[in-house]
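This briefing covers selected residues, a surface patch and the salt bridges. Please look over the sequence and structure before reading on.

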Amino acid sequence: MPLSCNDVKQWFGPMSGARLFYFIAVGLLITLSIAACFVQEADQAWDTTVIVPGDVAWMLVSTGLVLLMTPGLAFFYGGMVGSKNVISTILQNVISMGLISVLWVVFGFSLAFGEDSNHFIGKIDTYWLFKDVGVQTTPIHPTIPRSLYAIFQMMFAIITPSLITGSFAERIRFDAFLIYITLWHIVVYCPLAHWTWH
């Protein structure tokens with residue numbers, strides 16, 4: 001039995017202008033999402049020798065802005081806790097900047113962006129201690145150096161555990177915090193970054 005306009009009106013009620021716009025927008029979004037599943041990826045030959053100065057400048061500014069978010073987050077969380085825990089809350093965010101930076105340079109970038117290993121995580125020796133992270137470009141970032149891309153991604157690796165500190169402010173010992181963010185970076189962040197970008 002075919003649907004009539006009255007059946008649709010009974011299900012959704014009277015259509016106001018805003019509600020009609022909502023249904024059209026959602027329908028268009030669903031249609032585009034389904035259509036995107038059938039689009040073929042174009043084969044492109046990347047020119048890996050061109051570094052665009054404007055892209056490099058913008059990535060440097062973006063990297064600096066993301067880096068500034070972590071101390072800002074530290075002060076934000078510091079203002080939400082009791083006065084006796086302000087220093088420890090700020091210190092958790094600042095220490096996560098140092099610890100995650102070291103982990104990222106030693107092996108985190110390899111785990112997240114290294115050669116694929118069983119479609120789960122990158123090989124740890126691909127960029128061990130930032131080996132081969134220099135001025136060369138790749139198809140993922142064809143106009144900026146790999147070193148800048150690695151530092152830009154490191155900023156997000158830094159701020160992610162800092163965001164987590166707000167959930168256990170005033171309720172965790174500092175040594176447990178260090179162990180937690182180290183394990184979280186290795187077990188959660190690096191595989192998810194690999195799945196997303198590789």
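**Valine 50 and its surroundings**

Leaving out residues up to four places away in sequence, valine 50 touches Thr137, Pro142 and Thr143. The model is predicted. The notes below begin with this residue and then turn to other sites.

- Valine 50 sits in the loop between H2 and helix H3 (53-80).
- Its C-alpha atom is separated by 5.9 Å from that of threonine 143, although the two residues are 93 residues apart along the chain.
- Valine 50 counts as partly exposed because its relative accessibility is 37%, between the limits of 20% and 50%.

**Glutamine 153**

- Helix H5 (residues 146-164) contains glutamine 153.
- With a relative accessible area of 6%, glutamine 153 is buried, as the limit is under 20%.
- Apart from neighbours within four places in sequence, glutamine 153 is in contact with Trp104, Phe113, Tyr189 and Trp197.

**Nonpolar surface patch**

- A nonpolar patch on the surface is formed by Val26, Ile30, Ile34 and Phe38, which together have about 400 Å² of accessible area.
- One of these residues, isoleucine 34, lies in helix H2 (residues 17-36).

**Salt bridges**

- There are two salt bridges in the structure.
- In the pair of lysine 123 and glutamate 115, the closest N and O atoms of the salt bridge are 3.9 Å apart.
- Lysine 123 is partly exposed at 36% relative accessibility, and glutamate 115 is partly exposed at 47%.
- Arginine 173 forms a salt bridge with aspartate 175, with the closest N and O atoms 2.9 Å apart.
- Arginine 173 counts as exposed at 60% relative accessibility, whereas aspartate 175 is partly exposed at 39%.

Note on methods: Residues are numbered from 1 along each chain as its sequence is written. This is a predicted model: local features need pLDDT of at least 70, side-chain atom pairs count only at pLDDT 80 or more; totals for chains, interfaces and linings use all residues. Side-chain values use heavy atoms; hydrogens and water are left out. Helices (H or I, at least four residues) and strands (E, at least two) are DSSP runs, numbered from the N terminus. Buried means under 20% relative accessible area, exposed over 50%, partly exposed in between (1.4 Å probe, protein chains only). Contact means heavy atoms within 4.5 Å. Patches are made of residues with over 30% relative accessible area and no salt bridge: like charges are joined within 9 Å, nonpolar side chains (Val, Leu, Ile, Met, Phe, Trp, Tyr) within 5 Å. Accessible areas come from the Shrake-Rupley method with a 1.4 Å probe; for residues, only the protein chains shown count as cover. A salt bridge is a side-chain nitrogen of Lys or Arg within 4 Å of a carboxyl oxygen of Asp or Glu.
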